[in-house]
Structures are given as structure tokens and as C-alpha cells.
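Student: I am new to this structure and would like to learn how to read it. Could we go through a few features in turn?

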Amino acid sequence: MNPNIVEVVNVSREVAWLPWAVQYFFLIGLSVGAFLLSLTWYVLRWPAWKRVSRIALLGALTCGMTAPVALLSDLHQPGRFLNFYLYPNLDSWMAWGAFFIPLYLGGLVLYSWLALRPDLKRLANAGGRGAAVYRRLAYGGHDSLGAIRAATVFALGAAALVALYTGMEVMVVSARPLWNTPFLPVQFFLTAVAGAIGLVLVLDRGVGDGTAAMDAPLLRLLAAIQVLVLALGAAWLLLGMSGLSPRHAEALAQVAPSMAWRITAVWAAGSALATLWLAVRRPQWRLAAGLIALHSAWMMRWTVFIGGQGIPKTSAGYYSYTLPLGHEGLLGIVGTAGLWIAILILLISVLPWGGERRAGA
Amino acid sequence: MSDGKPSSTRRAFLQAIPAITAGLALPTSARAAPGKHHWAMLVDIRRCIGCQACTMACIMENAVPENSFRTIVSTYVVQQLTAGRTTAGTYMLPRLCNHCEDPACVPVCPVGATFKRDDGIVVVDGDRCVGCAYCVQACPYDARFINHATNKADKCTFCAHRVDAGLLPACVETCVGGARIFGDLNDPQGTLRRSLNAAKKNGDAIKVLKPEAGTRPNVFYIGLDDRFRGRVEGQAALWHPTSHGA
Ligand code: SF4
Ligand code: SF4
């Protein structure tokens, strides 16, 4: 900072991508991550992962269904969302996203239905009030691996496109050096998968019996991802500090003078280290590891979006941000959380997720 | 004004800057076909007195909501050592959309609502804009914002509605110091070209903001200090607009 220049009048731009956007990127990332985890049993049939798969599928569905609502709410003209399909500008990653999201969700729902058919059949056979509906939904109730695999190819392709577009959409914004690094899509992806593992650990405590992670090497996977996250963060810092990459150097120069940003960086690294330590050394505290991983995934997005928009493109210093309480702020966070919980309750009440032992209960 | 087309600021018009041979190595109109207009602006910072009359005129003309700005005169207090003494001066920098030749805001718009007209003016189709604010992120100049009255992307339009009617943009019309010169880069006899040519002849450097962004702005500056070309390294603004209503 040059102490000889004091800015007395300038415009202060507010954040234009609201906390709704943070929620969207968080939820869609979790959904994709959880979907990938669910493949371990439903497609790959690794026995140890059976319960993880189940819980992950629940996570993928709940987050996947909530995410588009958050995205729509981030639009300042949500009623015009049809314009995305009527007038797509294919130069824009966001325009592609409008097609990838329904593809992914369609693929996810199809895959989930195929994977859950045997459960639906079991529920139908158990009798009771909903039996007829379950029978219809089960559509024979076969565990058809061939069909699941076909749906997986589709859903996996779409999930990859979602992961790609969410990263690229932000990365291509060269006006924001912090966003404009090739690391960003990878960082989004890794933290999303770590967050998804966190979600499984948390859901398993609430919905399952809390031991899903003991069969499968889920904690080891979480630890491995934390190592990658930390390595990537270190590489980012090194590229910036050494000046090897001018883009990283510029991004670093924008945030380094700010104490708030430095604290954020230490916090993020500390959280990753804490998750790593818990995952390796304290498997019995896996709920804590899961919560921290979830928090890290969310915080990374909050920092990138809300923090990133606080860096002026022309003005001196930083724009200040206080979370508004209404639609533009807190409501975005609380609203999506509420919707997620509602969908979770709905799915839990109609399907058995805790494991086959509970299927007939 | 001739032919009912905007060609000058009042002040510049009166000053009758001598015409210089056209086609010197000045910012050229790269894309506009001959016969078409290519609207652009020259801001002579030396003439700006920081009165914000342009800021106000723009707000009145374009019904810009409270605490939002399509143009503003960034104002800085600069201390420097002159002849062994520390002196303080004020530096003014009128900012607006640069109506870039390669606008970063256009390719990102998912619905093609932001586009560049044939005459070079970058505009938002308000009927199509979904308010996604991707363009707000992409503009390297913080020239865009979401208008809370319309919930659409907003920014300077060079007062396209006035220009189309043969008038000057409101900020140019009202500029007290005659610092804003608007005109057609394709008109060799127009005041803009003549002012650019005159500046060139005087040896005044003609600069744009953030040339490294690759956007090729159509707002040019005379008297642009390099310390203010990009993000200003200095102490943060002492004044911020209060937050807008709920
Ligand atoms: S200054 Fe910004 S809003 Fe204006 S044309 Fe250039 S990129 Fe677009
Ligand atoms: S806010 Fe409007 S003009 Fe800007 S990118 Fe979105 S749709 Fe396009």
C-alpha cells in the first residue's frame, strides 16, 4: 500500500453473487462428491463400501435437489430462467451449466432409482399403507447391475461436466486474479469430495448407525484428500511467492496485505491439518473430522466468492462486507439449509437409508 | 454540433482545436466499418475539477438508484515531495464503462443480453437479462452493478438513447471543466479525432485503464498517472455509499 495516496471518493461495489451462490457451489459440489462415493457399492460392488454408498446416495440426492433452488435464487431475475434455454450464448460457461445441471440431476435420479429398486420392492413386500406405491415404484424390483452401469455412465459424464463447468465458470474471470488460476477447479473438486466424505460421516451418525466408515477405508480417503488439498495450497503459495506464475503472484499480492485474508489462510490450512490428524489418528472422532471437512468445503467457497468480491478491481483497499439478514444474505444460507433438511426428512421417511437391517422396520 | 450528431463537448467545440491530418497513429477504429459510427470518449484529466457534475447528471438522466453509479469521479489525495517540501494535491479520475473493443462482459453473458452495438456502444438488453451478474464479475473495471430497482445488470451506455437522438451523453453535456470529449472515432473532422490528434501533436500521452486486461477500451485519457491505471495502491476510500435498502 502506498501511504501517499488516500482514496477519498470512489464507488464501492457490493457483492453481486450472493450467499445463495456460495450455497449452490457448496451443495452441487457435495452432491457430485457424494455421487462418486456412492459408486463404490452400487456400481463397483466393493462390499466394504456398501453402507457408505447408501448414505452417500442420500447425500447426493438431498444436496443435488437443493442446489438448483439456491442457484435460481441467486439470479436477480429468477422468473426469467427460461432465457437460459431460449437464448443460450455458448461462449459462456454459465450457459453450458444451465444444460449440465438438469443432465446431472436427471442422471442422478435415474441412477438412484435403479440402485434403490430392490429396497423399494422390500418395502412393497413388507405391506402396509404405501405398499402399492412402493410396488409401482419398484417396477419389478430387480437389482439390475447392467442398467445401473448404463445410468452411471450417463450420470458420471454429467457429474464430470458439472464439476468442470463450476470450476471453469469461476476460473475464466480474469478480472479477479484470485479466481483466475488453473488451481481453482481442482481445489473446488478436492474440497467437494472431502466435504462429501464429511457429509457421509455426519449423516451416518444421524441416519445410519455411525459405523459405516469403519468397514470402508473412508477415513484414509479423507486423509489422502487433505494431503492433496494442503499440497495444492502450498504449491499455490509457492508459485505466488516465488513469482514463477505472475497470475498467482498477482492474486497473492491482492490478499497478502490483509490481516483478515491471512487469518483465513491459516484457518483453512489449520482445518485441513486438523481433519488429516483426526482421520489418521482419531478414527473414533470421525464425526468431528466430518464436520470440519464440511466446514472447510463451505468456507473455501465463501472465501472465494464473498471474499473475492471484496477485492476491488480499481479501488484501493477492500470493500467491506456485512452479511445482510434478508434475501441477499442470511436468508440464502438459512433458506437452503432449511430446504436441504426438509428434503432429507422426506427421503428418510420414505426410504430406508440406514442399511438393510432397517429396511423392513 | 453538425448533422445532428454529437461531435463535441461545448467547451472543446468553442475552443476550436485546429484540425490535424487524419489517420495518424492514434487509437484507430479497428472494427467499425467505414461509414459507421464508432463512439468513444477522451477524458482530459487535467481539466477535471472533481465537481461530480457528471456523476449527478448521469444519475438524473438514467435514473440510477441511490448508491449506485454508472460514472463517478474517483478522487485521491496524493502527497509528494516537491523541492524538498511535502505537498498534497488532489487527483481526479472520471470512471465509466470503457465500451471496450474486446469487452470481457460480453462473452460471459449466458443469454446474450450484453452485446456490443455496431457503433461500438456496449449495452444490456434489459428484456433478456436474467440478473446473473456474471458480467459484473467479468468486467475488469468494476463498471457494472446490479440495479436494485430493475434487478438487471446496469452500467454506462454512453447515453445511447441520447446519442441515437443526436445528443451528447449527459455527463459530457454537463462537464464543467470540459474534460469529457465524446465523438466518433470514424469521423476525421469530428472533435474527438481532432482532440486526439491535437494531443498527439502536443506530445500528450493518450492512455487507457488497465491495458494489460486486453479489453482495448474506447475511453481514452490524457493526464493519466500510471499509479492510477490499474487497481490503486493506496489507503482505502474514506467514503463509501451507505448500503442500499433491503
Ligand atoms: S468496461 Fe467493463 S462493462 Fe464496459 S465494455 Fe469494458 S468490460 Fe464491459
Ligand atoms: S446479469 Fe444480465 S447482462 Fe449480465 S451476464 Fe447476466 S444475463 Fe448477461
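Tutor: Start with strand 8 of chain B, residues 180-184, in this predicted model.

Student: Is strand 8 of chain B largely enclosed or open, and why?

Tutor: Strand 8 of chain B is largely enclosed by the rest of the structure, because five of its five residues are buried.

Student: Which way do the residues of strand 8 of chain B point?

Tutor: In a regular strand, side chains alternate between the two faces of the sheet. Here Arg180(B), Phe182(B) and Asp184(B) point one way, while Ile181(B) and Gly183(B) point the other way. Residues on both sides are buried.

Student: How does strand 1 of chain B run relative to strand 8 of chain B, and how many bridges join them?

Tutor: Strand 1 of chain B, residues 39-44, runs antiparallel to strand 8, and five bridges join the two. In one of these pairings, Gly183(B) of strand 8 is the bridge partner of Ala40(B).

Student: What about chain A: which domains does the assignment give?

Tutor: Domain 1 covers 16-172 + 322-343, and domain 2 covers 175-321. Their centres, taken over C-alpha atoms, are separated by 22 Å. The contact takes 36 residues from domain 1 and 39 residues from domain 2.

Student: What area do domain 1 and domain 2 of chain A bury between them?

Tutor: The size of an interface is often given as the accessible area lost when the parts come together. For these two domains of chain A that is about 3000 Å², with 78% of it on carbon and sulfur atoms. Arg51(A), Ile55(A) and Met171(A) supply 20% of the area that domain 1 buries against domain 2, more than any other three residues.

Key: Residues are numbered from 1 along each chain as its sequence is written. Chains are lettered from A and ligands numbered from 1 in the order in which they are written. This is a predicted model: local features need pLDDT of at least 70, side-chain atom pairs count only at pLDDT 80 or more; totals for chains, interfaces and linings use all residues. Side-chain values use heavy atoms; hydrogens and water are left out. Buried means under 20% relative accessible area, exposed over 50%, partly exposed in between (1.4 Å probe, protein chains only). Helices (H or I, at least four residues) and strands (E, at least two) are DSSP runs, numbered from the N terminus. Two strands pair if DSSP finds at least two bridges between them. Domain bounds come from an automatic or database domain assignment. Contact means heavy atoms within 4.5 Å. Buried area is the accessible area (1.4 Å probe) that two parts lose on being put together, summed over both.
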